[in-house]
Amino acid sequence: MGLGFTVGAIGILILSHAAYSTIQYRGLLKILEEEFSGPPLNVVAELLIGLVLCMYAGLCVPGKFLSIHPDSDENRIVSLPANVDFMVFNHRGKVFPSEANLKLKC
């Protein structure tokens, strides 16, 4: 676990704390019978700091980009057969009845 993962975990904790603070603030406003106009400034600052930390982690954690070599055996082209009329796909749609003239029971 590197620095990027640690920064991402801290960012998630800060975002979670900001969400908890907003919920707590709204509960306080309900007790005081005041209208919610927006989160306090410290919660907005926490959100921005958490966003920046999570974005940094999102860019650093996945690793380095690898180049694509066009002559590699791993880059094979997947082609479909010329006659696609007889292709069969197994999917969940076969569970439903295939009759088109079904009426809904109201």
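Modeller: Helix α1 passes α2 in a left-handed crossing. This is a predicted model. Two packed helices are described by the angle between their axes and by the distance between those axes. Here α1 covers residues 3–32 and α2 covers residues 41–60. Their packing angle is about 155°, and the axes lie 8 Å apart. Angles over 145 degrees count as roughly antiparallel, so α1 is roughly antiparallel to α2.

Now the connection. E33 sits in the loop between α1 and α2. Its phi is near 55°, a positive value in a residue other than glycine. Is E33 buried or exposed? E33 has a relative accessible area of 71%. Exposed means over 50%, so E33 counts as exposed.

Next, the annotation. UniProt, in an unreviewed entry, places a "transmembrane region" at residues 42–61. In the model, the chain over residues 42–61 is 95% helix and 0% strand.

Last, the setting. The protein has two helices and zero strands. It has 106 residues, and 11% of them count as buried. The accessible surface comes to about 10200 Å². Carbon and sulfur atoms account for 65% of that surface. Take the contacts between residues at least 6 apart in sequence: 67% of them join residues at least 24 apart.

Definitions and conventions. Residues numbered from 1 in each chain as written. Predicted model: local features only at pLDDT ≥ 70, side-chain atom pairs only at ≥ 80, totals over all residues. Heavy atoms only, no water. UniProt positions renumbered as here; feature names shortened; annotations may be inferred. Helix = DSSP H or I, 4+ residues; strand = E, 2+ residues; numbered from the N terminus. Buried < 20%, exposed > 50% of the residue type's maximum accessible area, 1.4 Å probe, protein only. Contact = heavy atoms within 4.5 Å. Areas by Shrake-Rupley, 256 points an atom, 1.4 Å probe, with all protein chains shown as cover. Axes fitted to C-alpha atoms, helices over the stretch in contact; angles between N-to-C directions. Parallel < 35°, antiparallel > 145°, perpendicular 65-115°, else oblique. Left-handed = near helix turned anticlockwise from the far one by under 90°.
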